[in-house]
Amino acid sequence: MVEETGTFRFIDLFAGLGGFHVALAQLGGHGVFAAEWEPTLNKLYSENFPGTTVWSDVNALDSVSVIDAQVPEHHVLTAGFPCQPFSKAGEQLGFAHTLQGQLFFKVLDILKVKRPRRFILENVPNILRHKGGETLETMLAELKGAGYAVAWRRYSPHEFGVPQIRERAYFVGSLDGLDDFEWPEPTHATTDIRAVLDPSAKPSRTIPQQTARAIDMWDDFLRRSPNDVKLPSFPIWSMEFGATYPFDGATPAALWDEEGHGALRPYLGSFGFDLNVGARGEQFDRLPSYARRDGDYSFPKWKRDFIRQNREFFWSNRKWIEPWMNQWRPWNMPQSLQKFEWNAQGGDRRIDKYVIQVRASGIRVKRTTTAPSLIAMTQTQVPILGKEIVGVRRYMTPRECAELQSLGSVRLPASDLAAYKALGNAVNASVVRAITVPLLEGLSVAPGQAARRTAA
């Protein structure tokens, strides 16, 4: 529970775990209203921040009269409106997303009706270049049309002493102008994940056997690599080791459709498996998933580059890679575990010295200087700590992940999966606090200071 007294009033839209609330309460603010549609988080918000009116779906604030009646007067509006429509990881439908893309305009409606002196908005950095900049232009035009001076900047928690690289775009606005506003300067050049870890924490769940074997497999890969061999900085795609199928100028799908079954017979597929086999399905089973899509007749340049680099690396290091392949048989693992990203160039080649994350793009290994970016993840994507960091190889606990979002003071969902997901969607309280301090300069909190306008 967060104690608060209150020298200014704020509201918290799309509130989640309350990252904005934590930050502004620490600065003396009093939360008077929040909106969170997810039932578990809605209930939890009331428990963490008693005294705050907690609304459910902002879409129910559907008219000037409803907004005016239900949303209290406030000085600062905060909103981490849904990022999925603007994220590179999604379809990037933006404002065209019928469920979530229009929610920015609900924020705008509240700004127009209640006229708070300040606002802070947060979203993924891709929103700044989404649709070639059109989304950003629309947002700025709408906010300025509502009477606000607006500025934006990107920040990551690691710049303020929190060991997580998670860049986000922040927008600030003021009815009083921003001539005297200065964005905070980063306070830290280095961080270490050990600052948020609990060495006495017990593993909350077991690492799946297949994942543990894949980590051991890539650890052995590192140990076998000669010291004088520079490990790739590009993602290692082991399925390209021994492969010779065409990729530059044509793809297996293009050759097969143009020339029939025999076109791929002279080539080798993933891990050097012979493509001189029966039907099309048998051949394609021996190719990486990205090389057998129907109608995919050419690869983008970045993919051609990755394929070429991996094949060259294999043929230059075949002497020690082939025994590794024969021992571990990586072709029996899901393709996500056949990929490896080594982000610890120059470091000791022992995987348990680092932070590990299993992603669709592969097993990613990072130094302890920062944790991987928390996302609205499945349990399989939670960072794994190497055994040389905390004595045992284990997942980060939900409480440790809460520290990565500067939310150590709040109660989390009882379910680990729900906690991880909520933390992945949360706004970082340390970053918000740093931005809010200069934004509050010159803010009058005298009664009646919220300028009003009656049309949304």
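## Helices H9 and H10

Let's start with a pair of helices in this predicted model. Helix H9 spans residues 301–316 and helix H10 spans residues 318–328; the two pack with their axes 6 Å apart, at an angle of about 100°. Since angles of 65 to 115 degrees count as roughly perpendicular, H9 and H10 are therefore roughly perpendicular to each other.

Which residues make the contact? On the H9 side they are Phe313, Phe314, Trp315 and Ser316, and H10 brings Arg318, Trp320, Ile321, Glu322 and Met325. Sorted by class, the contact of H9 with H10 has 6 nonpolar, 1 polar and 2 charged residues.

## Helices H1 and H14

Another pair to look at joins helix H1 (residues 19–26) and helix H14 (residues 429–439). Their axes lie 8 Å apart and the packing angle is about 45°, which makes H1 oblique to H14. The crossing of H1 and H14 is right-handed.

From H1, the residues Gly19, Phe20, Val22, Ala23, Leu24 and Gln26 meet Ala429, Val432, Arg433 and Thr436 of H14. This contact of H1 with H14 divides into 6 nonpolar, 3 polar and 1 charged residues.

## The nonpolar cores

Now for the nonpolar cores. The largest one has 103 residues, and Phe221 and Ile363 have the most contacts inside it. Leaving aside residues up to four places away in sequence, Phe221 touches Leu231, Ile236, Phe241, Phe313, Trp320, Ile321 and Trp324. Among these partners, Phe313 belongs to the H9 side of the contact described above, while Trp320 and Ile321 belong to the H10 side.

There is also a second, separate core of 35 residues, whose members include Ile67, Phe104, Leu111 and Ala169.

Note on methods:
Residues are numbered from 1 along each chain as its sequence is written. This is a predicted model: local features need pLDDT of at least 70, side-chain atom pairs count only at pLDDT 80 or more; totals for chains, interfaces and linings use all residues. Side-chain values use heavy atoms; hydrogens and water are left out. A nonpolar core is a set of buried Ala, Val, Leu, Ile, Met, Phe, Trp, Tyr and Cys residues joined through side-chain atoms within 4.5 Å. Buried means under 20% relative accessible area, exposed over 50%, partly exposed in between (1.4 Å probe, protein chains only). Contact means heavy atoms within 4.5 Å. Axes are lines fitted to C-alpha atoms, for helices over the stretch in contact, and angles run from 0 to 180 degrees between N-to-C directions. Helices (H or I, at least four residues) and strands (E, at least two) are DSSP runs, numbered from the N terminus. Angles under 35 degrees count as roughly parallel, over 145 as roughly antiparallel, 65 to 115 as roughly perpendicular and the rest as oblique. Ala, Val, Leu, Ile, Met, Phe, Trp, Tyr, Cys and Pro count as nonpolar, Asp, Glu, Lys and Arg as charged, and the others, Gly among them, as polar. A crossing is left-handed if the near helix is turned anticlockwise from the far one by less than a right angle, and right-handed if clockwise.
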